Amino acid sequence: MPRLLTNSFERLKRIVAGFTVAQRTIAVIGAALLVMGVIALGSWLAKPQMSPLFTGLSPSDASAVVEQLKSAGVAYELTEGGATVLVPDAQVYPQRLAAAAAGLPTDNTGGYTLLDKMGVTASEFQQSVTYKRAIEGELAATIGAMSGVTAASVQLAIPEQSVFVADKQHPTASVFLKTQGGSSLDDDQIAAIVHLTSASIPGMTPEDVAVTDQSGRVLAAVGQGLTDSASTQASDHEAKVAGSVTKMLETIVGPGNATVSVSADVANSTSERMDETYTAPEGGVMTNEQTRTQTSTGGQAGGTGILGPDNIAVPDAGGSGSFESEESTRNNAVNKTTEKTTTPAGEVTRQTVSIALDRGSVQGVTAEQVQALVSNAAGINTARGDTVTVEFVDFSQSAAAAAAAALQAAEDEKAAQVQSEIVRTAIIGGSIVLAAVIVVVALLVRRRMKRRTLYTEDGPIEYFASMTETEEQKLKTLKGLAEPIALPAVPPTKVLPTLLDIEEEPEAPQVLVEQRRREVEQLAKSDPQNAAKALANMMDEAMV
């Protein structure tokens, strides 16, 4: 083994040998965690990246696809309750081709492909039912492709056509949705589903579509549209009117001196009204006129006369007669006015505005003036029953005082939090800076310090060389120490650098023993008497 590695291992052994029991336990736990992390990272890197093979599968199709993957020996994973099958990236397209060759997935809604399977001998009833199923399948597939929708089912109720206009009925549709994770769709998505369905069927309006989710909640009702649209529109209208009126009043009477409340009634369903009005044109315009004249003259022969009582002919006394009649038919032009009024859902049918003014603060305006201004600003229509009420009342000051106290308390709390954050940050920053300064100073002092050995009658004493000459002389005077004996300088031993070099390596016990032995031997040679006395004292102490 190379000497570099040998020295590194020896030094590592010495370092580990100096560990306490707690340090060794922590080291073992850390090594175990490191090994486990390496194993987990390796297994994660070795695991192939998975991609969806099919999504939104029915249980039967998912089972067939899994059986095919098992027979092909391809790894797979099931997610979303078994509706999604994941395979490695490299196997996505080959397995899709293999599934298509096996006719998977087989579960589908049909759509217009149902018309391809219909034969020439199909009856009119079969044709109409198949056509309706095809439309239902296409709508379900389209709605199911929307974000947040995992599955959809559409049922159409298309009435038979009738030649009687009075018996004509609108088609209706019901849509069942299964959302992803049981989440709720927003109003825009529900409106998109309603309009998409109604636009696909001739004669169907958005009010003819009902939408329900998997939890049984009605999202859109027939004849009403979106269930929450009317209340949402009413709330938006009330907030808009109240905001505009409040802004105007604050400019006139000052902030906090007026309270505005708006209540609006919104139509939940659409309505249609047809009015026809007939009027005579000015000047009597005539479109056509027809006159019929008939004239009759009697002959010389005796006539039969006219019928008398009991249908007996009475002879004509004159023997001759004439008859003339004239008939006129005149057609005059008539003005016809047809007016069709459609009231959509969400239209405001009535609104009321209530305003309370602070009697003690508002001066210079009257209730009539405020009422006139508010009527114009809020679009009040008296024909539909809109009303505006303005009253001067005494405002309670307790709420304002409580609000001011709460606001002041909130501000004080916020300021205290900011101050505490600043203090905590300063403490943390100061602690970090102080620790850094201490570490730097300790490193600098340690680099400048060198240990020296002073030999006395009591034995050698080690001290730091960073002491000044005065401090060192003072220490010698107090302790009664002698001057250190100069030892011959030993040339430093060159050691090859290793990976585990540290700044100051503790000396081995054998080296220290050998060094102390040489120092004692040198002391005995230079001062035999003192060495003998010290050895005798040590022996006496050992015998005692």
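1. Leucine 177 touches Ile143, Val149, Ala151, Ala152, Leu185, Ile193, Val211, Thr212, Asp213, Gln214 and Leu219, leaving aside residues up to four places away in sequence, where contact means heavy atoms within 4.5 Å. This is a predicted model, in which local features need pLDDT of at least 70 and side-chain atom pairs count only at pLDDT 80 or more, while totals for chains, interfaces and linings use all residues. Residues are numbered from 1 along each chain as its sequence is written, and side-chain values use heavy atoms, with hydrogens and water left out.

2. Leu177 is also among the residues with the most contacts inside the largest nonpolar core, together with Leu156, Val175 and Val211, and this core has 22 residues. A nonpolar core is a set of buried Ala, Val, Leu, Ile, Met, Phe, Trp, Tyr and Cys residues joined through side-chain atoms within 4.5 Å, buried being under 20% relative accessible area with a 1.4 Å probe and protein chains only. A second, separate core of 18 residues includes Ala258, Val260, Leu357 and Val374.

3. Three strands form an open antiparallel sheet in the order β1-β3-β2, pairing being assigned if DSSP finds at least two bridges between two strands; strands are DSSP runs (E, at least two residues) and helices likewise (H or I, at least four). β2 is joined to β3 (residues 84-88) by three bridges, and valine 85 is the bridge partner of leucine 78.

4. The UniProt annotation "transmembrane region", from an unreviewed entry, covers residues 21-45 and 426-445, though annotations may be inferred rather than shown by experiment. In the model, residues 21-45 are 100% helix and 0% strand, with end C-alpha atoms 36 Å apart.

Definitions and conventions:
Buried < 20%, exposed > 50% of the residue type's maximum accessible area, 1.4 Å probe, protein only.
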